[in-house]
Amino acid sequence: MSDHPDILREPWQTLSRQRVADRIGIWIFLSSEILFFGALFLGYTFYRHQDPASFAEAARHTNIWFGTINTLLLLTSSYTMAMASQVADLESGNKRFILACLALTATFGILFLVIKGLEYKEDIDKLLLPGHTFALKSPSAALFFAFYWVMTAVHGAHLTIGIALVTRLLFRGLRKAPLAGNPQLTAAALYWHLVDLIWIFLYPIFYLPGRSS
Amino acid sequence: MKPQTGHPIQRLILHNGGVWLVLLMCLSLTLILAYEPMGDLNAPVALLIAVAKALTVLTYYMELRVARPLVLLIAFIPIVFVAILFTFTMVDVLTRF
């Protein structure tokens, strides 16, 4: 792990110091993301508490299999991303292995978006987009689906940024830029895991309520 | 302490693979329990499993178990803030109506 000029940035003189600063910096950014999504989760909790039966009824209309397969994909992508990041931290960071892990991570992310797209199409066909043609009677069901669309779309936007970051690292790696010890890889990995964390909480609030009744 | 053996990449594959299997078991459990009629307990149980999954990702994949104290503090603070946000809002909602 040398202080490669391609990855060492101003004002740091050594890569080790840059890595410490980058890790702290990305965690501060992730903290702001947690607060942002926290407010959305609070809005959902508030309205669900007002009318839990309608929220459960609305949640039965989401496709649990799309949601579960997407959870599986994101958890697996976190595994491959963690492998890329942790192997890059090794003294003997194996570049081909890191590139393969990054390619797998981006692929899982793209598959997630494809499945989400299919799910959105199904939701639109079932008239689950709140508005004049909304299929469910209860106003609370419309609120449920308003949160569903907003929160899954914002999550999808975050995932798209994550895929772009991972793909950029992949192409930079293929063009001979070093990946071992690269602080950008650590930052991208932490961001990716946060996107996974958000989904871990979206899954039980949108796909699981009302299944047992 | 047991001495670590094997290639470092193999060790990482096994270690992170074990974490992945735990996450998949949690996912299976939450899916199965969602169909169990537990009344008011369904939602808290699903959220509890989600918290367990999140802590696993934070600890192992995001490497908080080896993070320096400042990083731990930065990661912990938003969780406290969100907890305050939820507590004060829900205390009001639960006692007002």
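Lys121(A) and Asp125(A) form a salt bridge, with their closest N and O atoms 2.8 Å apart. The model is predicted. Both residues lie in helix α4 of chain A. They are four residues apart, about one turn of the helix. Lys121(A) is exposed, and Asp125(A) is exposed too.

Side chains of opposite charge can pair when their charged atoms come close. Over all chains, the count comes to six salt bridges. The table lists some of them, including the pair above.

| Salt bridge | N to O distance |
|---|---|
| Lys121(A) and Asp125(A) | 2.8 Å |
| Glu119(A) and Lys116(A) | 2.8 Å |
| Asp92(B) and Arg96(B) | 2.4 Å |

Now take Glu119(A) and Lys116(A). Their side chains meet in a salt bridge. Helix α4 of chain A, residues 95-125, holds both of them. They sit three residues apart, so about one helical turn separates them. Are these residues buried or exposed? Glu119(A) has 0% relative accessibility, so it counts as buried. Lys116(A) has a relative accessible area of 4% and is buried as well. The cut-off for buried is under 20%.

Chain B has a pair in helix α3, which covers residues 69-96. Here the side chains of Asp92(B) and Arg96(B) meet in a salt bridge. These two residues are four residues apart, about one turn of the helix. Asp92(B) is partly exposed, with a relative accessible area of 32%. Arg96(B) has a relative accessible area of 56%, so it is exposed. For exposed, the cut-off is over 50%.

Methods
Residues are numbered from 1 along each chain as its sequence is written. Chains are lettered from A and ligands numbered from 1 in the order in which they are written. This is a predicted model: local features need pLDDT of at least 70, side-chain atom pairs count only at pLDDT 80 or more; totals for chains, interfaces and linings use all residues. Side-chain values use heavy atoms; hydrogens and water are left out. A salt bridge is a side-chain nitrogen of Lys or Arg within 4 Å of a carboxyl oxygen of Asp or Glu. Buried means under 20% relative accessible area, exposed over 50%, partly exposed in between (1.4 Å probe, protein chains only).
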